[in-house]
Amino acid sequence: MSRNASRPKISNDTAITKGDEKLVLVFQGGGALGSYQGGAFEALAHHGARPDWVSGISIGAINCALIAGNPPGERVAAMRDFWSEVSSNTVFGPAWPGNFAHAAFNEASAASSVLYGVPGFFKPRFPPTYLVPDGVPGDVGFYDTGPLRRTLERLIDFDRLNNGETRVSLGAVNVETGNFRYFDSNDTRIGPEHVMASGALPPGFPPIEIDGHWYWDGGLVSNTPLQYVLDRDHQHDMCIFQVDLFSARGPVPKTIFDVGEREKDIRFSSRTRLNTDMMKEQRELKRALHRLLRKLPPELESDADARRLLEASNDASITIVHLIYRRSATGGDSKDYEFSRASIEERWADGFADAMETLDNPRFIDRDVPPHSVEVFDLSDG
């Protein structure tokens with residue numbers, strides 16, 4: 001049972017945003033760990049959250065599409081439907097209590113995902129890719145992600161996603177150029193293929209073709225869209241919830257079995273706290289530049305250099321709220337492809353509890369729009 005299985009009492013009277021802030025959700029990739037984001041969003045929804053912008057990578061892209069592609073009152077249900085389906089292969093839990101039995105159960109569940117696939121998500125390719133020496137790019141993966149397309153088409157209204165109240169930005173990597181690209185509903189009509197491209201992690205999943213180009217999982221280049229969000233909006237005050245699935249902080253491995261998990265956490269983490277400190281300094285400099293340019297005499301306002309600097313400056317205020325999934329004592333390096341119902345529900349409950357802890361914290365409730373460009377909250381106990 002999750003340490004957070006007993007949920008706190010829900011309060012609906014907390015204002016998430018202040019003044020004219022835009023509410024933005026930034027979801028990292030992390031496979032089966034993504035149910036943590038579902039729980040975090042459920043807590044936000046209980047507080048009346050209606051995000052203006054969602055941006056995600058890999059499983060974060062799927063969660064974003066589920067949010068934007070459903071009416072506000074049905075978003076949590078759509079996310080629950082998805083996570084219930086992908087965990088339907090193994091609906092029971094460990095047969096005995098204790099960490100050893102739990103860890104062994106998790107490893108067996110992960111092995112099941114490898115051997116048999118995950119319902120509504122992916123299945124082993126037949127014939128296997130390695131028996132087809134000269135296939136097309138769309139077949140170059142150990143698994144067939146056709147089930148995911150059908151799941152997305154069933155659970156997501158793509159007309160709503162593209163024409164609704166929520167902007168959507170999904171990151172992927174061009175296989176040929178190695179360049180990172182965001183598919184943004186502000187300038188691109190998002191379909192199932194864009195969501196799938198963001199989560200096409202090789203060698204398990206094949207690349208996805210979009211407009212004659214092939215794309216892999218955005219996590220190969222960057223596993224969080226925070227920088228993209230900050231670079232693309234210089235006008236609006238924003239309250240950004242960054243929900244990460246890998247923590248840069250963690251213990252030094254004590255056994256060889258711990259090494260794989262720690263390596264994966266470091267590789268796919270956003271180094272969130274370090275990066276936001278750097279972003280804070282950059283935004284403060286841009287805001288100072290904005291104030292300075294406003295003091296120029298009228299005869300210099302039309303100067304080409306002044307106009308260029310004004311475009312690069314920024315006077316918006318940013319609040320970044322960190323929610324980071326914490327390492328489980330029974331996790332292991334297979335945690336991101338371990339889809340048992342028990343683990344999915346445990347991570348969902350953890351995300352819910354961590355988000356509620358932040359939303360009910362007086363420091364968050366009583367905050368003001370930051371006067372110095374960027375303020376960072378990391379209020380959960382992890």
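The model discussed here is predicted.

## Overall make-up

The protein chain contains 13 helices and eleven strands. Of its 382 residues, 53% are buried. The accessible surface of the chain is about 17600 Å², and carbon and sulfur atoms account for 54% of that area.

Taking contacts between residues at least 6 apart in sequence, 76% join residues at least 24 apart.

Helix α2 covers residues 59-68 and is mostly covered, with ten of its ten residues buried. Among them are Ile 59, Ile 62, Leu 66 and Ile 67. The buried set also includes Asn 63 and Cys 64.

Ser 58 is in the loop between β2 (53-57) and α2. Phi of Ser 58 is near 60 degrees, a positive value in a residue other than glycine. Ser 58 has a relative accessible area of 12% and is therefore buried, the cut-off being under 20%.

## Packing of α3 and α5

Helix α3 (residues 75-86) and helix α5 (residues 146-155) have axes that come within 11 Å and cross at roughly 155 degrees. The two helices are therefore roughly antiparallel, since angles over 145 degrees count as such. The crossing of α3 and α5 is right-handed.

On the α3 side, the residues that meet α5 are Ala 78, Asp 81, Phe 82 and Glu 85. Their counterparts in α5 are Leu 148, Thr 151, Arg 154 and Leu 155.

## Cis peptide bonds

The peptide bond from Phe 126 to Pro 127 is cis, and its omega is near -5 degrees. Pro 127 belongs to the loop between β3 (123-124) and β4 (143-144).

A cis bond also runs from Pro 202 to Pro 203, with omega near 0 degrees. The loop that holds Pro 203 lies between α7 (192-198) and β7 (208-210).

## Positive phi at Asp 211

Asp 211 lies in the loop between β7 and β8 (213-217). Phi of Asp 211 is near 50 degrees, which is a positive value in a residue other than glycine. Is Asp 211 buried or exposed? With a relative accessible area of 69%, Asp 211 is exposed, whereas Ser 58, which also has a positive phi, is buried.

Technical notes. Residues numbered from 1 in each chain as written. Predicted model: local features only at pLDDT ≥ 70, side-chain atom pairs only at ≥ 80, totals over all residues. Heavy atoms only, no water. Helix = DSSP H or I, 4+ residues; strand = E, 2+ residues; numbered from the N terminus. Buried < 20%, exposed > 50% of the residue type's maximum accessible area, 1.4 Å probe, protein only. Contact = heavy atoms within 4.5 Å. Areas by Shrake-Rupley, 256 points an atom, 1.4 Å probe, with all protein chains shown as cover. Axes fitted to C-alpha atoms, helices over the stretch in contact; angles between N-to-C directions. Parallel < 35°, antiparallel > 145°, perpendicular 65-115°, else oblique. Left-handed = near helix turned anticlockwise from the far one by under 90°.
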